[in-house]
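Thanks for coming, everyone. I have one structure to walk you through today. Please take a look at it first.

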Amino acid sequence: MSTRVKERPEFTKAMAYASTIKQAVPHQRVIFTVHEMKRLGRGAAELLAIAEDLRHHDIELELLTGPLQGIYNPSGHGAALFAFFAGMAESEREYLREKSLEGQASARERGRHGGRPKVFDDDMIAYARSLRERGMAVPDIARKLVILSGKNKGEHPSVASVYRVLADGANTGPPA
């Protein structure tokens with residue numbers, strides 16, 4: 001099996017299982033079923049390596065959707081067609097990746113950033129640090145703080161979050 005395929009344990013296990021069946025009953029037809037080609041591999045090279053592995057183990061491939069829908073024998077006449085559609089799948093994947101990155105860049109330009117909103121503002125951090133300097137325990141500090149916005153508005157931050165903020169403060173000094 002190729003090195004890139006070995007990085008995907010779910011595929012490796014399934015391929016090993018199909019190979020075991022083929023070794024146990026060599027005359028039995030074994031079909032490896034995948035929803036669509038782009039779910040099978042990340043790029044054309046990986047898809048072609050997988051097709052070679054299937055051919056080597058005499059295992060057929062079934063694609064449930066897409067342009068090559070149906071059962072494909074990697075050692076048959078469809079090898080060139082499979083290579084073409086493997087290239088198309090890689091091209092489609094790259095196009096989606098580029099569009100996603102463009103969307104993220106566009107959102108950044110408009111001042112929108114992904115992820116959850118900040119739990120702590122500068123005032124909360126300063127208050128937490130002052131309580132800690134007075135010797136208050138971190139769980140007690142967490143119970144004194146209240147989240148001002150977002151999904152958890154009105155709730156107390158977790159003790160782990162308070163520890164994290166206090167540890168960040170130990171490295172960077174007081175907030176500006």
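Start with what covers the buried residues of helix 5. The cover includes helix 3 (37-40) and helix 4 (44-56). It also includes strand 2 (60-63) and strand 3 (70-72). Before I go on, a caution: this is a predicted model.

Which residues of helix 5 are buried? They are Phe82, Phe85, Ala86, Ala89 and Ala107. Look at the numbering of Phe82, Phe85, Ala86 and Ala89. In general, an α-helix has 3.6 residues a turn, so residues three or four places apart point the same way.

Now the helix itself. Helix 5 covers residues 79-109, which is 31 residues. From its first C-alpha to its last, helix 5 reaches 45 Å. That is close to the 45 Å expected at 1.5 Å a residue. What comes after helix 5? Gly111 follows, and its phi is positive, near 85°.

Let me step back to the whole chain. How many helices and strands does the protein chain have? Eight helices and three strands. Along the sequence, the pattern reads α-α-β-α-α-β-β-α-α-α-α. The protein chain has 176 residues, and 30% of them count as buried. Next, contacts between residues at least 6 apart in sequence. Of those, 53% join residues at least 24 apart.

The three strands make an open sheet in the order 1-2-3, and the pairing is mixed. Strand 1 (31-34) and strand 3 are the edge strands, each pairing on one side only. On average, neighbouring strands here are turned by 25° against each other, direction ignored. In general, strands of a sheet pair through backbone hydrogen bonds, either parallel or antiparallel. Which way do strand 1 and strand 2 run? They run parallel, and four bridges join them.

Keep Phe32 and Leu61 in view, as we now turn to the cores. The largest nonpolar core has 22 residues. Phe32, Met37, Leu40, Leu61 and Phe82 have the most contacts inside that core. Which elements give two or more residues to this core? Helix 2, strand 1, helix 3, helix 4, strand 2 and helix 5. Helix 4 gives the largest share, five residues. There is also a second, separate core of twelve residues. Phe120, Ile125, Val162 and Leu166 are among its members.

First, Ser19, in helix 2 (residues 9-24). Why does Ser19 count as buried? Because its relative accessibility is 8%, and the cut-off for buried is under 20%. Leaving aside residues up to four places away in sequence, Ser19 touches His57 and Ile59.

Second, Gly66. Where does Gly66 sit? In the loop between strand 2 and strand 3. Gly66 counts as partly exposed, because its relative accessibility is 41%. Partly exposed lies between the buried cut-off, under 20%, and the exposed one, over 50%. Now find His35. Gly66 and His35 are 31 residues apart along the chain. Their C-alpha atoms are separated by 8.6 Å.

One last reminder: everything I showed comes from a predicted model. Over to you for questions.

Definitions and conventions:
Residues numbered from 1 in each chain as written. Predicted model: local features only at pLDDT ≥ 70, side-chain atom pairs only at ≥ 80, totals over all residues. Heavy atoms only, no water. Buried < 20%, exposed > 50% of the residue type's maximum accessible area, 1.4 Å probe, protein only. Contact = heavy atoms within 4.5 Å. Expected span 1.5 Å × (residues − 1). Pairing = 2+ DSSP bridges. Axes fitted to C-alpha atoms, helices over the stretch in contact; angles between N-to-C directions. Core = buried A, V, L, I, M, F, W, Y, C linked by side-chain atoms within 4.5 Å.
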